[in-house]
Amino acid sequence: MARLRIEAIASFISFEDKVVDIGCDHAYLAIYLMQNEMCQKVLATDIHENALLQAKKNIRKVGLEKKIPTLLSDGFTNITEDVDTAVISGMGTSTILHIIRDTQPKGIKKYILQANNDLYLLRTSLEKLGYFLEQERIVYEKGHYYVIGLYTLSGKRLTLREKYFGKYDVKQISYYKDMHQNLSFIYKQIRFKEMKKKVKIYIQLQLLKKYL
Ligand SMILES: C[S@@+](CC[C@H](N)C(=O)[O-])C[C@H]1O[C@@H](n2cnc3c(N)ncnc32)[C@H](O)[C@@H]1O
């Protein structure tokens, strides 16, 4: 179990939240939240029957079957329960955006999102949908960085640097250094012919430098 990642996701949840974990897989997050009494309600859903069977088994093992309902659903499609906070984690940005844009969420005041790729697209798309990136936590676990974002309904706008690199946190300096190193490597590999791409990376490197 990815303990640090789950703890970081849970740290964005308040007791009054009515939570749905979309794509719960093993239901580790829902179990963690209920065992630690971190929210009043959590619904665990998944699109795949097998994942949900495993979730139910794990929930039963810890005796929480009365407290954690489960549901087979593509995103929000089959959800009729009253929920106001949605966690969508461990997926690609395109799947997360499909869930938020195409499966008709209702009454969600807060999203906690952890995408495995394209955070620029995630942050800017959420902004267009009216959700502003309030906070981010970065977790380094099993050789990977995981970026977990808290998005709330707001008319606020991100700066260009925030769109690319998120909410700066001085404690995560190694994350930005690592990213700078990767972008510098890519910059050197891009040939002169691909000038547009090179300029884009150059701008990102300049923006990122201000965090270092
Ligand atoms: C890699 S697992 C991540 C599990 C967990 N959320 C985590 O962060 O560890 C992705 C899960 O999302 C589920 N999933 C993918 N697309 C989905 C969708 N459209 N609606 C609901 N669940 C989905 C998959 O079946 C899988 O169990």
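This is a predicted model: local features need pLDDT of at least 70, side-chain atom pairs count only at pLDDT 80 or more; totals for chains, interfaces and linings use all residues.
Strand 6 and strand 7 form a hairpin with two residues between them, where strands are DSSP runs of E with at least two residues and helices are runs of H or I with at least four, both numbered from the N terminus. In the turn, K142 has a positive phi of about 45°. The two strands, of which strand 6 covers residues 131–141, run antiparallel and are joined by ten bridges; strands are said to pair if DSSP finds at least two bridges between them.

Residues are numbered from 1 along each chain as its sequence is written.

Strand 5 itself, residues 110–115, is mostly covered, with five of its six residues buried; a residue is called buried if 20 or more other C-beta atoms lie within 10 Å of its own, exposed if 12 or fewer do, and partly exposed in between, with C-beta atoms placed from the backbone. Strand 5 also pairs with strand 4, here in the parallel sense and over six bridges, and the bridge partner of A86 in strand 5 is Y111.

The loop between strand 3 (70–72) and strand 4 holds D82, and V83 lies in that loop between strand 3 and strand 4 as well. Is D82 buried or exposed? D82 counts as exposed because it has 11 C-beta neighbours inside 10 Å, whereas V83, with 23 C-beta neighbours inside 10 Å, counts as buried. Not counting residues up to four places away in sequence, V83 touches K18, V19, V20 and L43, a contact being a pair of residues whose C-beta atoms, placed from the backbone, lie within 7 Å. The C-alpha atoms of V83 and K109, which are 26 residues apart along the chain, are separated by 9.2 Å, and those of D82 and I108, also 26 residues apart, are separated by 9.6 Å.

Two further loop residues deserve a look for their backbone angles. A27 has a positive phi of about 65° although it is not a glycine, and its place is in the loop between strand 1 (18–22) and helix 2 (28–35). A27 is buried, because 26 other C-beta atoms lie within 10 Å. D118, likewise a residue other than glycine, has a positive phi near 35° and lies in the loop between strand 5 and helix 5 (119–128). With 15 C-beta neighbours inside 10 Å, D118 counts as partly exposed.

Which residues are closest to the ligand? The shell around the ligand has 16 residues, and the closest are G23, D25, I47, S89 and G90; a residue is taken as near the molecule if its C-beta atom, placed from the backbone, lies within 6 Å of it. The elements that give two or more residues to this shell are strand 2 (41–46), strand 4 (85–91) and helix 4 (93–102), and strand 4 gives the most, with three residues. By class, the shell has six nonpolar, seven polar and three charged residues, where Ala, Val, Leu, Ile, Met, Phe, Trp, Tyr, Cys and Pro count as nonpolar, Asp, Glu, Lys and Arg as charged, and the others, Gly among them, as polar.

Finally, the chain as a whole can be considered. The chain has eight helices and seven strands, and buried residues make up 31% of its 212 residues. Among contacts between residues at least 6 apart in sequence, 63% join residues at least 24 apart. An automatic or database assignment gives the domain bounds, dividing the chain into domain 1 (3–156) and domain 2 (168–212), whose centres, taken over C-alpha atoms, are separated by 30 Å. The C-alpha atoms fill a box of roughly 60 × 35 × 30 Å along the principal axes.

Technical notes:
Two residues are in contact if their C-beta atoms, placed from the backbone, lie within 7 Å.
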